[in-house]
Amino acid sequence: MKDYELEKRRYVIGGVAIAIVVVFIIRLFTLQIMSDDYKRNADSNAFLKKVEFPSRGNITDRNGKLLVYNQPSYDIMVVVNEGKNRIDTAELCRTLNITKEYFVKRMHDIQDRSKNPGYSKFTQQLFMSQLSDQEFSVFQEKAYRFPGFYIQKRSIRQYEYPNAALILGDVAEVSPDDIKKDGYYQPGDYIGKQGIERSYEEELRGTKGVQVLLRDAHGRIQGNYQNGEFDTQPIPGKDLTLSIDIELQQLGERLMEGKLGSIVAIEPKTGEVLCMVSSPSYDPRLMIGRQRGKNHAALARDPLKPLLNRAIMGQYPPGSTFKTSQALTFLTEGIIDQDTKYPCHRGFIFSGMKVGCHGHGSPLNLVPAIGTSCNGFFCWGLYYMLTNKKYGSLQNAMNTWRDYMVSMGFGYKLGVDLPGEKRGMIPNGDFYDNAFKKGWNALGVISISIGQGEVTLTPLQIANLGATIANRGFFYTPHVVKAIQGEEMDATYTTKRYTKASKEAYELVVQGMRRAVTGGTCRRANRSDYEVCGKTGTAQNRGRDHSAFMGFAPMNDPQIAIAVYVENGGFGATFGVPIGALMMEQYIKGKLSGSSEAQASSIQKRHISYGKTDR
């Protein structure tokens, strides 16, 4: 008779044994196949994969003058698994001139995956960056005493001029977000943070290389593994040629000393930005080295906001420079012709509404109205457009007006190849329907016809308006990069963008802007050797008015279009016109005359008192 109890025990014991074997098999599979911990540990003992960083692309101006280049720098890297409990921490701190507290905190941060998501104890991690030649020499002499710590050569940016900081931008260590967005980067890498360095990061950065080094049982480097068969060489970044003329940029920054505002100059035939001044600015060399963070914080705290690129981020009322866009719209829509005259009795006066104006002859037709910057003329033009029955409704008329403005590059970003561009403001019918719940009419919005009210533009958009008028009806998307080594420029920057206004309308507006220079508000820009066209702007503000100027030259072969905007500078003729005239002379003639240089020095010394400001 069978002993069933014994039979059951045999099955139970057998099942347990099988389960144990299965568990061991799964664990072995996990360790050997699914996990690379042991492989990495073994590889880290046998190999050192040393990243070789490519040289970042150089940056030159349109005339080949070097603006940004590279210089040698050294980082200290650490492989945590190698250096653990094997180094004299006190001696390391003395060698690197750091405190014990810094060492402890830095090692903690390196191993904190929330701050360093790519951390591995088997791979090199950045411990200390941008050592000077002297610091490097001191460490190199004692490097053998600090197992796990290595020197890694790379380059850092150097700036030839103390100018154009907001165009060029800067380079700094990657953030955790940068690493998450792009697998190219590892902790301790560098990335363009602002300006061209950011916009063209992929072109400038190049491609990393890797050296696979063989180590002996004591961790000493024996040379390249397999004679370098598995090494990859770094590929340098591409050089950039900017459209900026550094001498023009320098003059612009001189003229804007002690003032808030911007100067933007564009080559109309190409859309290339010749200069882009934002004042105040700073020396880009402040953003080099281990003091970058401290210097950046100080600039960020400055109430005058030197980190703000006013050329593309400042959103200002354009004032009377905007009247040119109104003339183009009214002419093309048939609201006026070249002979239409409107009265101006020191302003637009109608049905209890008055928009003031300076004294001049009345009534005027279009060309002298632009020349004298008559407010009355343009207020009447907008009034008759918004009340014209051919549009069917006030909202439709308003939206037609808006469409003209958008076609001229207003109300949306132009698409310049710099980060942070703002769009400005162009209202439409829906905007006013929401703003005025009880209804609105043409008189209630009449100030937009003279560049006030709800309308705001960036200095870049005002300069682009000048370029569009110079071209008689089209523009190229403004850009600050002229050429990329080995690449074609993006079609975005080589395609003409036409406006809704007619060429005939542009010809009349050019005549009006020429009249402004020969006998109107821009007389200080007049010259005998080339024909300048211009338009002043005096934009109302809560405090003192802003001074603006928009123009181009020469009239029939335009080489430069320019916008000048000086916050609280008063009348357009006070600062806008003379600054614009000097900038055009510098670019067209290649230098300033003796009398112009004296004028430039005088303007440079004229500072505007802003006091405490929240700009």
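**Reading the model**

Author: Start with one residue and its surroundings. Not counting residues up to four places away in sequence, Ser-262 touches Met-256, Val-277, Arg-310, Ala-311, Pro-459, Ala-563, Val-564 and Tyr-565. Keep in mind that this is a predicted model.

Reader: Where does Ser-262 lie?

Author: Ser-262 lies in strand β11, which covers residues 261–267.

Reader: Is Ser-262 buried or exposed?

Author: Look at relative accessible area. Under 20% means buried. Ser-262 has 0%, so it counts as buried.

Reader: Which backbone oxygen lies 2.8 Å from a polar atom of the Ser-262 side chain?

Author: That of Val-277. Val-277 is also in the list of residues that Ser-262 touches.

Reader: Let me step back. How many helices and strands does the protein have?

Author: There are 22 helices and 20 strands.

Reader: How do I read the radius of gyration of the protein?

Author: Compare it with a reference. A compact globule of 615 residues would have a value near 25 Å, but this protein has 33 Å. Then look at the spans. Along its principal axes, the C-alpha trace covers about 125 × 80 × 45 Å.

Reader: What share of the residues counts as buried?

Author: Of the 615 residues, 52% do. The protein exposes about 28,700 Å², and carbon and sulfur atoms supply 50% of that area.

Reader: What share of the contacts with a separation of 6 or more comes from residues 24 or more positions apart?

Author: Such pairs account for 72% of those contacts.

Reader: How many positive and negative side chains are there?

Author: Count 77 positive and 63 negative ones. The centres of the two sets lie 5 Å apart.

Reader: Now a charged residue. Where is Asp-170?

Author: Find the loop between α7 (165–168) and β6 (171–173); Asp-170 lies there. Asp-170 is buried, because its relative accessible area is 2% and the cut-off is under 20%.

Reader: Which side chain makes a polar contact with the side chain of Asp-170?

Author: The side chain of Arg-292 does, at 2.5 Å. Leaving out residues up to four places away in sequence, Asp-170 touches Arg-292 and others, including Tyr-159, Ile-191, Lys-193, Glu-197 and Met-287.

Reader: Let me try Gln-158. Which strand holds it?

Author: Strand β5, residues 149–159, is the place of Gln-158. Its relative accessibility is 14%, so Gln-158 counts as buried.

Reader: Which side chain is joined to that of Gln-158 by a polar contact?

Author: The side chain of Gln-71, at 3.3 Å. Beyond neighbours within four places in sequence, Gln-158 is in contact with Leu-67, Val-68, Tyr-69, Gln-71, Arg-285 and Ile-288.

Reader: Next, the backbone. Which residues are joined by cis peptide bonds?

Author: Check omega. Ser-279 and Pro-280 are joined by a cis bond, with omega about 5°. Ala-553 and Pro-554 are joined by a cis bond too, with omega about -20°.

Reader: Where are Pro-280 and Pro-554 found?

Author: Both sit in loops. Pro-280 is between β12 (272–279) and α12 (292–301). Pro-554 is between β19 (546–553) and β20 (560–566).

Reader: Which residues other than glycine have a positive phi?

Author: Lys-305 is one of them, with phi near 55°. Ser-373 is another example, at about 60°. Lys-305 is in the loop between α12 and α13 (310–313). Ser-373 is in the loop between α15 (366–372) and α16 (375–386).

Reader: Are Lys-305 and Ser-373 buried or partly exposed?

Author: Lys-305 has 36% relative accessibility, so it counts as partly exposed. Ser-373 has 6%, so it counts as buried.

Reader: Which residue with a positive phi follows α14?

Author: Gly-334 does, with phi near 75°.

Note on methods
Residues are numbered from 1 along each chain as its sequence is written. This is a predicted model: local features need pLDDT of at least 70, side-chain atom pairs count only at pLDDT 80 or more; totals for chains, interfaces and linings use all residues. Side-chain values use heavy atoms; hydrogens and water are left out. Helices (H or I, at least four residues) and strands (E, at least two) are DSSP runs, numbered from the N terminus. The radius of gyration is taken over C-alpha atoms; the globule rule is 2.2 Å times the number of residues to the power 0.38. Buried means under 20% relative accessible area, exposed over 50%, partly exposed in between (1.4 Å probe, protein chains only). Contact means heavy atoms within 4.5 Å. Accessible areas come from the Shrake-Rupley method with a 1.4 Å probe; for residues, only the protein chains shown count as cover. Lys and Arg count as positive and Asp and Glu as negative; His and the chain ends are not counted. The place of a charge is taken as NZ of Lys, CZ of Arg, CG of Asp or CD of Glu. A polar contact is a pair of N or O atoms within 3.5 Å; within protein, one must be able to donate a hydrogen and the other to accept it, and residues adjacent in sequence count only if both atoms are side-chain atoms.
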